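Here is a short briefing to read alongside the coordinates.

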Amino acid sequence: MIIVHHLNNSRSQRILWFLEELGVPYQVLRYERDKTTMLAPPELKKIHPLGKSPVVVDGDLTLAESGAIIEYLQEAYDAQGLFTPTDFHARQEYRYWLHYAEGSLMPLLVMKLVFSRLGHPPIPWVIRPVAGAIGKGVQKEYLDKQIATHRDYLEQHLNKSTWFVGNEFSAADIQMSFPIEALAGRGGLEGCPKLQDYLGRIHARPAYQRALEQGGHSTYLGEL
């Protein structure tokens, strides 16, 4: 049976969701973030040297990185190709969104999270005012503008299709869910009806709801 090493408020929620969509049996081993640092516990390093989540163990295979895990699960367990397009051009778009989620959008959101905390513990109190001012400046002058560009790009894309790859739900939508939920959790979807509708549709999927029961509700703080 597949074992999912699941960290609260992390990307591993997507893996639980995909397994529910696939109908593949799995076991969840839960880990909790340190409440002060929000980092993963050291126990995860016993599973994978980087100590991150998600990590999936399937037989003698141990696999990290949510995008790689999704591709593996699709190849190994989606024999009918229900969650990946078969058309050549659609498949290239599918691959693009699988990589875009973590390669382009999530780094900006994680940077915003980090800079928003510069004025708070564990930053030493004596430098918190300066650190906080730097953090706010970087967010205002760089990160917020970059994130707005990506948000508008996604909104325009969903003006053209129901899902991220045409009008059929795919594993690309599962991969894209976390950064969009992170945007929503930080108040970044105002004036984006297509993105809001997209979130409503994925949240209504029965498999998504079952995955929440397995992994717990997230506050989408991001993975550090």
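T36 sits in the loop that runs between β2 (26-31) and β3. This is a predicted model, and in it T36 has a relative accessibility of 61%. Because the cut-off for exposed is over 50%, T36 counts as exposed.

**From the loop across the chain**
- T36 and L212 lie 176 residues apart along the chain, and their C-alpha atoms are separated by 24 Å.

**Strand β3 and its side chains**
- Strand β3 covers residues 55-58, and V55 and V57 point one way from it.
- V56 and D58 point the other way, and all four of these residues, V55, V56, V57 and D58, are buried.
- As a handy reminder, side chains in a regular strand alternate between the two faces of the sheet.

**Who pairs with β3?**
- Which strand pairs with β3 over three bridges? Strand β1 (residues 2-7) does, in the antiparallel sense.
- On the β4 side, L61 is the bridge partner of D58, and D58 is one of the buried residues of β3.
- The hairpin of β3 and β4 has two residues between the strands, and G59 takes a positive phi near 65° there.

**The fold as a whole**
- The protein contains seven helices and four strands.
- Following the sequence, these elements come in the order β-α-β-β-β-α-α-α-α-α-α.
- Among contacts between residues at least 6 apart in sequence, 69% join residues at least 24 apart.

**Dimensions and burial**
- What radius of gyration does the protein have? The value is 18 Å, which agrees with a compact globule, because 224 residues would give one near 17 Å.
- Taken along the principal axes, the C-alpha atoms fill a box of roughly 60 × 45 × 25 Å.
- Of the 224 residues, 48% count as buried.

**Surface and charge**
- The accessible surface comes to about 11300 Å², and carbon and sulfur atoms account for 56% of that.

How values were computed:
Residues are numbered from 1 along each chain as its sequence is written. This is a predicted model: local features need pLDDT of at least 70, side-chain atom pairs count only at pLDDT 80 or more; totals for chains, interfaces and linings use all residues. Side-chain values use heavy atoms; hydrogens and water are left out. The radius of gyration is taken over C-alpha atoms; the globule rule is 2.2 Å times the number of residues to the power 0.38. Buried means under 20% relative accessible area, exposed over 50%, partly exposed in between (1.4 Å probe, protein chains only). Contact means heavy atoms within 4.5 Å. Accessible areas come from the Shrake-Rupley method with a 1.4 Å probe; for residues, only the protein chains shown count as cover. Two strands pair if DSSP finds at least two bridges between them.
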